[in-house]
Amino acid sequence: MSTGPQFDSVDMMLNMGPQHPATHGVFRMVLTVDGERVVDVTPHIGYLHRGTERLAEVESYGQVITLFDRVDYISNLNNELAFVRAGEKIMEVDAPERAQYIRVILAELNRVASHLLFIGTYAIDLGAMTPVMYCFRERERIENLFEHVTGARMMHNYMRIGGVKSDVPDDFVPWVHRLIGDVRKGVEETDKLLSTNEVFLGRTRGVGIIDGPMAVSCGLSGPSLRGSGIAYDVRKDDPYEIYPYLNYKVPVGENGDCWDRYYLRVLECYESLSMIEQCLNQLPDGPIMAAGRRIARPPAGEVFSHSENPRGDLGVYLISDGSDKPYRVKIRPPSFCNLIGLRPMTIGSYIADAVAILGSLDIVLGEVDR
Amino acid sequence: MTEQDPLAGQPEAKGPEASAEKPVRHGPPIVVAEEQLNERGEQTAEQLARTLGALALDAAGRDDTPWARVDASQLHRAAEKCRDGEMGMDMLNLMLAVDWVDRIQMIYVLYSTTNNRKAILKADLPAEAPKISSVTDLWEAGSWYEREAHDLFGVEFPGNSDMSPLLLYEGFEGHPGLKSYPLNDYEEW
Amino acid sequence: MNVTLSDAVDLGIRLFALFNVVALGAVSLVWLERRFLGRLQGRPGPNRVGPFGLLQPIADAIKLMSKEDVAPGSSQRLIFYAAPILVFVPAFVVWLTFPLARDLVVRNMEMGLFFFVAISTLSIVGLVLAGWSSNSKYAILGGFRAAAQLVSYEIPIITMILVVAMLSGSLDFVSVVDAQSRVPFILVVPLGLVIFLIAGLAEVGRTPFDIYFAESEVVGGPFVEYSGAHWAIFFLAEYVNTFVLGILGALLFLGGWRWPFGENLPQLASVALLMGKAYFIVLVIFWIRGTYPRMRIDQLMEVAWKWLIPLSFALFLVTAFQLKFEWPWWILTIMSLAILAVPVLVQSQKQRNPALALAARYAANAVVVEAKPRPSPAAAEDTPPATSETAEGTSA
């Protein structure tokens, strides 16, 4: 950093957000800058606090699913999956196999869509304007499929405790096969354009480094944690649904810098696409809802279940008092925890790096503030 | 509508106010789930019991996640033992406060990235002026969870230097996470 | 000096024509950029206003002009409103000396190259003043970035202009073009055009050097507080400057209106030839914009001071030797290519190859999770076993 105070100088407070193009929503960080260097950063969140957890206490279990759609509005299906899994656990029902496959296919597709959004917006953060178009083109294909299957492009309300709302349309399997081919091509195109671009490398490699122990202590998860070399993936370490029956790889980074966090997401896109392919090949026939599914009053008790969201470890702590509404729903928001790592990553970097680092964490403010 | 909502066939389901007035519940009686640990959970429970020793007031668990209740004053010690002992709980996965009306319960979900095991610590706080020592010095993640619990439940965390509002705005009155906080008739600001 | 009325009228007509040509050129660039980037990004670009969306810039202009002009209450009003003009005027004044064909010029000067350098530098003042007078932190950061960036990149640009002047033995644009009638300077000093283009990109502030008004960092930098017509002036100046870069590149390196057809072209054809070359350079600039992310301020400085300036001085020296000892021109080509090879080799060793290796390693070293055989009581008959044939298509 600076070689010492040769001049009388005052650090400048630079308020980034809540209205700033690079904060991905209503996030605000107050940077204390010395010239172009960031001396300190104070994140401020809560601009989007809707009290989701408290609201869930007065909604019936079926209605809470719609709230989860709105928690992380980029990966809605993953969020629904997280809640219905917690609900299934507390109600002690198991979704039929076909429903589980459908849910995993959709969740993985949503993961790809979410990662595509990340790649595109991250490129925008760094000043490249083309990848976002490629990414949105592919994302659009996925959203079209979602619309076809669930009837909505974003707020699906498709999964149910014990299964899914309705069976997939007849042309689902060929459609997804076609989709995978298209999306894979699109991801490859973007990957080639951006990942090893000289300027992109210069902006992301060695920037925003966080080491493994610090990342774990901050509670980072998902690609942000794996970038630091900790191979923690809920799908692998606490397998759920039909993930144990799939072959896949969990890419792990080495340096914990922005490029690692970025590139792991690119690799995850390929992995997810291959997982979907396997799911399609295995997709069984059968019912899509568990038999005794009119249970809306689970036994009193509490469960903690978590699943791998595109942003990391999305946990749901569900407490039931035996009534038809959850007594307490607590979400473990991966973006929220990833954001805790912002400060150790950013201090000492440049202003432009602060943008790159924030982008590499891939936060969704709906989830951070809930 | 071919699909069936989980709520279908239960028109008598009402809000909490209604059920509070009418203690007679319709539908099935409340069943308390029997908590059972699986094999992996048993192992973790043993570790947890070894680690905490006499600190654990009671313990049980569900599936692979055992929990132990400790006294609020001993929570920091218990958490430190979990982190540094054989369990190696290096990640504070989740921390939440639950308003049980007569008490506030703090729940700490710990995770070990090295052993891939989860365990839960619980501590009961009085409903009036809840206070528990901060775990920020053990896990960085604690700081924001504690600020959130402070915002929403009014729990004090001595040891956490920064307790400014996180999710609420400066000067917000009340603790909206509490069951006693009115849900619909709040003041517009 | 006796100025007759006819001289004044003549000058007036020329200036009027020039103003219109330049404005039209800039506006055409706005359209071209949006269409070209659209095609690059797999979308149509503006295509609703007029045929092929040709009237889109006019619609934009009307929108901008009809917007409310807001100035921050705490701004230095006089400077705040003067700054756009300080940026805009130099961008137009340099056109006085640019010949579009042999005799198609407002005022040909013997010191044309010098005039260009002297005038174009002035626009820095406007940017810094715009940043300062807005009384906004983003604006002042942008203003300082602009000052640092533009001053640094003046040096390589001026050195390249000097090299061209040495090769042609004149500071007069027409003589420079004449000197290229047989061999354009791009063949003599390919490195010159490379340095000129890179430094020019930085001078104009286009990707990857759009640092001083970086949208995602300083939210428009010096322009952040401007709106409506004042912002439109900055916007127009940016495109005029881009056009200047194209014309200058065509004149100095691509042989202007002479190469490859020699002197015999009719005037209209020479203008078309020059414009074609200029638009080619501009398209390359847009192409770069569609491809590259933005650099960081320290990397920007590094490129200027560690690479461009030493390289341009080296080229300057080599050119001087070539002229002194009267070597054939292709010797200079080889030497300048050799100089160019140095940064290319060094840089590719430094960043890209390790990254490619790392990417391959990440793809290969991922933690492999093997599928468990699926317990198949129900659906054993029609689904294949869980081990899948798709595993080989997984990684990058």
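A residue is buried if 20 or more other C-beta atoms lie within 10 Å of its own, with C-beta atoms placed from the backbone. The model shown in these views is predicted.

**View 1. Helix H9 of chain C is largely enclosed by the rest of the structure.** H9(C) covers residues 190–204. From first C-alpha to last, H9(C) reaches 21 Å. That is close to the 21 Å expected at 1.5 Å a residue. An α-helix has 3.6 residues a turn, so residues three or four places apart point the same way.

**View 2. Chain C is divided into two parts, domain 1 and domain 2.** Domain 1 spans 21–66, and domain 2 spans 68–355. Taken over C-alpha atoms, the centres of these domains of chain C are separated by 23 Å. The contact between them in chain C involves 13 residues of domain 1 and 16 residues of domain 2.

**View 3. Helices H1 and H2 of chain C each give two or more residues to the domain 1 side of the domain contact.** This is the side of domain 1 of chain C that touches domain 2 of chain C. H1(C) runs over 5–40 and H2(C) over 56–65. H1(C) gives the most, with 9 residues. By class, this side has 10 nonpolar, 2 polar and 1 charged residues.

**View 4. Chain C meets chain A.** There are 2 pairs of chains in contact, and chains A and C share the most contacts. Chain C brings 50 residues to the contact, and chain A brings 59 residues. Four elements of chain C give two or more residues to the side that touches chain A: helix H11 (267–291), helix H12 (297–325), helix H13 (329–364) and strand E1 (367–369). H13(C) gives the most to this side, with 7 residues. The classes on the side of chain C that touches chain A are 24 nonpolar, 14 polar and 12 charged residues.

**View 5. Strands from chains A and C pair.** Strand E6 of chain A covers residues 248–250. It is joined to E1(C) by 3 bridges, and the two strands run antiparallel. Within this pairing, Lys249(A) stands opposite Val368(C) in E1(C).

**View 6. Chains B and C do not touch.** The nearest C-alpha atoms of chain B and chain C are 15 Å apart.

Key. Residues numbered from 1 in each chain as written. Chains lettered and ligands numbered in written order. Predicted model: local features only at pLDDT ≥ 70, side-chain atom pairs only at ≥ 80, totals over all residues. Contact = placed C-beta atoms within 7 Å. Nonpolar A, V, L, I, M, F, W, Y, C, P; charged D, E, K, R; others polar. Pairing = 2+ DSSP bridges. Domains from an automatic or database assignment. Expected span 1.5 Å × (residues − 1). Buried ≥ 20, exposed ≤ 12 C-beta atoms within 10 Å, placed from the backbone.
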